[in-house]
Amino acid sequence: MRMQYKSILKVVGIALLFEGVFMLAGIPFSLYFNDTDISALLWSSFITAIVGALLYFSFPRQLLSAIGKREGYVVVSIAWFVLGAFGALPFLISGSISTFTDAFFETVSGFSTTGASILTNVEAVPHGVLFWRSMTHWLGGLGIIVLAIAILPFFGFGGMQLYAAEVPGPSKDKLHPRIKDTARRLWVIYLFLTLAEVIMLLLGKMSLFDALCHSFGTVATGGFGVKNTSIAEYSPYIQYVIAFFMLFAGTNFALYYQVGKGNFRKVFRDEELRFYLGVVIVPTFIITALLYFQSDFTGSDAFRHSFFQVVSIISCTGFATADYMIWPIPAWIMIFFLMFAGGMVGSTSGGIKMMRHLILLKRIRMTVIRILHPSAYSPVRFNGAPIGREILKNIVAIFILYILTFVIGSATLAFMGVGILESFGGVATCMGGIGPGLGSVGPAGNFSAIPDAGKWVLSFLMILGRLELLTIFIILNPSFWKK
Amino acid sequence: MLTLMIGSLLLFIKRDPNDSLSKRDGFLIIALAWVVVPLFGSLPFLFTDAIHNPLDAVFESISGFATNGLSVVDADTSLGFGLIFWRSIIQWIGGIGIIVFIISFIPFFRTGQAQVFLYDMQDSSFDKLHPTVSGTARRLISIYTATSLIMFALLILIAKMDWFNAACYTFSTISTGGFSLDQGNISALSHSSIWIIALFMFVAGTNLYFVYYILKINIRKVLDNEEFKWYAMIILLPVFLIVSETFYRINSFNFSILGDIVFNVISVISTTGFYIGDAEFVASSFWWITIFCLMFLGSTAASSSGGINVYRQIVLWRASVNYFKSVLHPNGIFPTKLNGKVVPDPMQLRIMGFFILFLLVFVIGAFIISLNGLGFQESLSLSVCALSNNGNAIHLLSSAFDANAMHWGNKLVVMMLMIIGRLEIIPFMMILSRTFWRR
């Protein structure tokens, strides 16, 4: 079958239209704060929407149903670049960011819900544009949830296939109709979480603007804040609220669907959830101990900062209540390694994801047992169901590719002159969609000093990580485009 | 004194029961042997009072047998000639020891469909050198010895080294160990010595079987072999990249730097650990990251090098690539092959398991090391140098590293990592798993 380019363009058009409309969302705040960015927002919105409309209306309606698997790959991959390019307009036109490289980086960081920033002074950005920055997170998260639960499994990735029976997912043939149902349900949960957090934050005496921006950043597991110090200046209550909502955002949304249906037991028995919580709890206690004994934190502060940071990194959000680079070294070494964890499957988190780690570990245990008792045949099980070979191969391939990409990415940045900590930390954090890295790109720093070529590499890595690596590699393969 | 110690050591080895044992016992033997033998090996150091601290003595001994190369001795000149010789020879023994252990145990474990990790090695480039196991072992030992003799001769004849140093460097190189008089730094040696050492590091990292074929002038067989080609590539490619980056950065071209880079890369890949240090490397983060990652790799199986090993690298890479292909063409079949033979799924999964365990042990090791005050770079590089048994190559990453100054806790951790890495991790996972002790 020939590649249906026109269908692809039509879908991209829809996306651009939506993007253009949402750019206007920050205008009320611009008016309220008397900022100068209103015309910038209007113009960006206008340009984006016009291009979107042109693309959408130029092609007949029927083309939408012609989107097959291959077109889907392409749409999902290029959407990030296209949306990223147009999304950079508010930053550029308002002058908040001067170069396209930087603006593109910031926007892609937004849509991929990474949260890495090139801004040296967040607080100097006008409110309308700042709102758009957080909005990119929220929109990105919306897209990602649908991607993770509905779209990617259709292509055989994402790990959600294991939940296929529980969540109304897409059927094997038509991509189009079922996606709508699933997407709608997910968005309800997403919206609910956002609203809940906004309310809780407002109760903590946060301003509406701050509450919205931070909620957008949390539920999307993004990490863009409105202060230069991220979350450090807010009250402990607010820090705990955000910490818990990060934890929620990193959880599999399919489980929320189950909760909604009343299947509590199923939820509590979920192996990935238990593993996820375990991976959060153990490092929290270790780092708490480190902070308390090897540094001068009080017990409750140590726990709060530790808990917040661990949840932040594992859920791939990236908010920070402290600069962990000044913590005892073992603490941030552990944080660095946790960047490779990833949240649960079916959430807005990035990274390798809990389920994959869990299954790999189970498989290794099985290998060790089999060496001693070769006749002991028991397949690795997840939540009771045996794991097929295909899924194991997918997990293995992604893991290896992840490490390889990390190595090559870090070496590339180092080749450009970036330091060791910044290369390792920057690549790990962008691939996992986290945000803060190590060294001068850590929580107290930003990515402004990275050479431009490095910013492009990192932007690419953010998208790569978001799409679970495979999609992009598949598209880059020439045989994909034949026939 | 020395001979007494060697004597008691040999006695111990002869006492090893070699009759029929279960698999469990087999693993226990391997693990215990690798702890007990070095313990005996440390006695010479203690008895001659050259190393006062028993922990240090054991460390030095383990470092020798595991062919690591890290040394906790203060100033090497305080060790008498006897001890320096002893230190070198235990590397040599350790080097061939691990190879022979593995070869001898393969059929031992091959009961029907036994899926043992050692079994994997059999499936790589191994043809049988000899119909019986002990015959193969004897052949291997003779190849090992022959190679050593050749190197020894070359060092004396061409490099004009005195026989004592020639012997020590031979033992250190052929076993891919890396003990030397200056904590691994051999910049002070003559050019010809350095090149001979480089050549034999490369050879030592090659499959011993290949050496056999080379000696039989059957070079074709070696060059066609996939593992050999891959091994050559993982040396040439990094050399090329590092050379590009270094010369681009310092804006000039220099043959001696090129030589240094080649030497160091061969050393790291063969997990020997000798290094030629120079300032222009230390300045570059690209150098650090590349060398650091190379430390994980390791050379071919059936050599005394550590790391992940070439055959595993090949299988992991090909398995991933084939997975992509199968996603693109769902109806195609893409079996992963090594040297023309298909790699069965269980073996692929075992290889993957090893890779992940290696990383896991590395991560935990690095974390524990950092608890004792070492920085990010030092902790990570020490962990991998211990696990891959690179040893002194750590000086390529942290030029100020002094093994002697390590906290005693770290010395313990490093010793454990050395043994775990030498035994390819699995025996330790065995011991840690509950199933092992049941029944």
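Accessible areas come from the Shrake-Rupley method with a 1.4 Å probe. With that method, the accessible surface of chain B comes to about 17,300 Å², and 67% of this surface belongs to carbon and sulfur atoms. Please keep in mind that the model you are looking at is predicted. Let us walk through it topic by topic.

**Chain B as a whole**

- Chain B contains 21 helices and two strands.
- Of the 439 residues in chain B, 60% are buried.
- Take the contacts in chain B between residues at least 6 apart in sequence: 72% of them join residues at least 24 apart.

**A nonpolar patch on the surface**

- Six names to find in chain A are Trp43(A), Phe46(A), Ile47(A), Ile50(A), Leu54(A) and Ile93(A), which form a nonpolar patch on the surface.
- Together, the residues of this patch have about 590 Å² of accessible area.
- Which helix gives the most to the nonpolar patch? It is helix α3 of chain A, residues 38-58, with five residues.
- Ile47(A), one of the patch residues, has its place in helix α3.
- Ile47(A) has a relative accessibility of 32%, so this residue counts as partly exposed.

**Aromatic pairs**

- A pair of aromatic rings is described by two things, the distance of the centres and the angle of the planes.
- Over all chains, the count comes to 53 aromatic pairs.
- One of them is the stacked pair of Phe104(A) and Trp456(A), with 5.0 Å from centre to centre and 25 degrees between the planes. The pair counts as stacked because planes under 30 degrees apart fall into that class.
- This pair links distant parts of the chain: Phe104(A) belongs to helix α6 (residues 100-111) and Trp456(A) to helix α19 (residues 452-466) of chain A, 352 residues apart.
- Are these two partners buried or exposed? Phe104(A) counts as buried because its relative accessibility is 5%, while Trp456(A), at 35%, counts as partly exposed.
- Another pair, Phe415(A) with Phe286(B), is edge-to-face, with 5.0 Å centre to centre and 85 degrees between the planes.
- Phe415(A) has 32% relative accessibility and so counts as partly exposed. Phe286(B) has a relative accessible area of 4%, so this residue is buried.

**Arginines to look up**

- In chain B, Arg87(B) lies over the face of Phe179(B), 4.3 Å from the ring centre.
- Arg312(B) has its charged end over the ring of Phe354(B), at 3.7 Å from the centre.
- In chain A, Arg363(A) has its place in helix α16 (residues 354-372).
- Why does Arg363(A) count as buried? Its relative accessibility is 11%, and buried means under 20%.
- Beyond its neighbours within four places in sequence, Arg363(A) is in contact with Arg370(A), Val380(A), Leu392(A) and, from chain B, Leu349(B).

**The loop between α14 and α15 of chain A**

- Ala322(A) is found in this loop, which lies between α14 (299-314) and α15 (329-338).
- With a relative accessible area of 19%, Ala322(A) is buried; the cut-off for buried is under 20%.
- From C-alpha to C-alpha, Ala322(A) and Ser306(A) are 9.5 Å apart in space, and they are 16 residues apart in sequence.
- Leaving out neighbours within four places in sequence, the contacts of Ala322(A) are His305(A), Gln309(A), Trp327(A) and Pro443(A).
- Cys316(A) also has its place in the loop between α14 and α15.
- Cys316(A) is not a glycine, yet its phi is positive, about 65 degrees.
- Cys316(A) counts as buried because its relative accessibility is 1%.

- Lys205(A) is not a glycine either, and has a positive phi of about 70 degrees.
- Where is Lys205(A) found? Look in the loop between α8 (176-203) and α9 (208-219) of chain A.
- Lys205(A) has a relative accessibility of 78%, so this residue counts as exposed.

Technical notes
Residues numbered from 1 in each chain as written. Chains lettered and ligands numbered in written order. Predicted model: local features only at pLDDT ≥ 70, side-chain atom pairs only at ≥ 80, totals over all residues. Heavy atoms only, no water. Patch = residues over 30% accessible without salt bridge, like charges linked within 9 Å, V, L, I, M, F, W, Y side chains within 5 Å. Salt bridge = Lys/Arg side-chain N within 4 Å of Asp/Glu carboxyl O. Helix = DSSP H or I, 4+ residues; strand = E, 2+ residues; numbered from the N terminus. Buried < 20%, exposed > 50% of the residue type's maximum accessible area, 1.4 Å probe, protein only. Contact = heavy atoms within 4.5 Å. Phe/Tyr/Trp six-rings, centres within 6.5 Å; stacked < 30°, edge-to-face > 60°. Lys NZ or Arg CZ within 6 Å of the ring centre and 35° of its normal.
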